[in-house]
Amino acid sequence: MEANFWHDMWASGVVGFHQPDVNSYLKNHWSKLGLQGNENVLVPLCGKSLDMIWLANQGHSVLGIELSPKALAEFLSENDLTAEPIEQGNHCGYKMPDMTLLCGDFFHLTAEQCADIHVVYDRAALVALPPEMRKQYVTHLQTILPAGSQFLLVTMEYDQSVMSGPPFSVTEQEVRTLFEPFATVTKVEEVPFSRKGTNALEKVFVIRC
């Protein structure tokens with residue numbers, strides 16, 4: 001997908017994937033990772049997700065990466081946050097005591113930038129990418145993350161022939177094909193729902209490398 005697609009979507013204000021509340025799967029399943037509470041968490045394609053504030057409030061340091069500068073600016077303004085502008089490698093962004101927000105291409109994120117990451121929280125990244133980019137995404141994560149990293153992953157499944165993405169349908173089998181060569185994948189919840197009149201499933205996975 002072209003970067004202009006996402007820039008145009010944020011510019012239009014039509015961002016149905018943004019949730020006005022903290023994601024319930026995050027709150028319900030985060031404890032399953034068995035964390036101490038002070039780990040560094042990567043949130044790829046973070047948008048202006050309130051989940052990042054929730055994670056910071058649990059004691060974590062958050063690294064969010066987002067293509068749209070408008071999304072990050074709205075995140076700060078809508079939550080009355082004050083941040084220091086920064087330049088970091090191929091990214092610009094903002095720095096706060098418990099959060100770093102980088103603006104730029106996820107695929108330009110480096111192992112050096114992720115050297116202290118322990119966990120990835122992915123609610124909207126994998127499902128935002130078309131099939132040909134999802135393998136690239138997982139391969140890049142494997143390249144830049146330290147050994148022993150964990151994931152909390154939320155996906156959506158529906159009949160892709162009935163409606164198009166994003167968010168795209170990502171089957172459980174695809175999740176396992178992508179991650180199981182180097183990690184253990186455990187499904188912790190499956191919830192049926194209706195999306196635009198079509199039956200769909202949301203699934204939540206704990207992944208341990």
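**Entry 1**

Is Leu45 buried, partly exposed or exposed? I looked this up and found Leu45 partly exposed, because its relative accessible area is 25%; buried means under 20% relative accessible area, exposed over 50%, and partly exposed in between, with a 1.4 Å probe and protein chains only. I note that this is a predicted model, in which local features need pLDDT of at least 70, side-chain atom pairs count only at pLDDT 80 or more, and totals for chains, interfaces and linings use all residues. Residues are numbered from 1 along each chain as its sequence is written, and side-chain values use heavy atoms, with hydrogens and water left out.

I recorded a positive phi of about 50° for Leu45, although this residue is not a glycine. I located Leu45 in the loop between strand S1 and helix H3; helices (H or I, at least four residues) and strands (E, at least two) are DSSP runs, numbered from the N terminus.

I then turned to Asp80, which is not a glycine either and has a positive phi near 50°. Asp80 sits in the loop between helix H4 (69-78) and strand S3 (84-88). I found Asp80 exposed, with a relative accessible area of 71%.

**Entry 2: strand S2 and its partners**

I checked strand S2 (residues 61-66) and found 5 of its 6 residues buried, so the strand is largely enclosed by the rest of the structure. S2 pairs with strand S1 (residues 40-44) in the parallel sense over 5 bridges; two strands pair if DSSP finds at least two bridges between them. In this pairing I saw Asn40 opposite Ser61 of S2. From S1 the chain passes through helix H3 (residues 51-57) to S2, a right-handed β-α-β crossover. Right-handed means that, with the strands pointing away from the viewer, the path from the first strand over the helix to the second runs clockwise.

S2 also pairs with strand S5 (residues 99-103), in the parallel sense and over 5 bridges. Here I noted Leu63 opposite Thr100 in S5.

**Entry 3: the second largest pocket**

I looked up the second largest pocket and noted a volume of about 240 Å³. Its lining comprises 15 residues, and those closest to its centre are Asn40, Val62, Leu63, Lys95 and Thr100. A pocket is an open set of points on a 1 Å grid over the protein atoms alone, where a 1.4 Å probe fits, with protein on both sides within 12 Å along at least five of seven lines; lining residues have an atom within 4 Å of a point. The volume is the space filled by probe spheres set on the points, which are joined across faces, edges and corners.

Which strand gives the largest share of the lining of the second largest pocket? I found that S2 does, with 3 residues.

**Entry 4: aromatic rings**

I found 5 aromatic pairs in the structure. One of them joins Trp30 and Tyr121, edge-to-face, at 6.4 Å centre to centre and 90° between the planes. Rings of Phe, Tyr and Trp (its six-membered ring) pair if their centres lie within 6.5 Å; planes under 30 degrees apart count as stacked, over 60 as edge-to-face and the rest as tilted. Trp30 lies in the loop between helix H2 (24-29) and S1, and Tyr121 in strand S6 (residues 117-122), so the pair ties together parts that are 91 residues apart in sequence. I found both Trp30 and Tyr121 buried.
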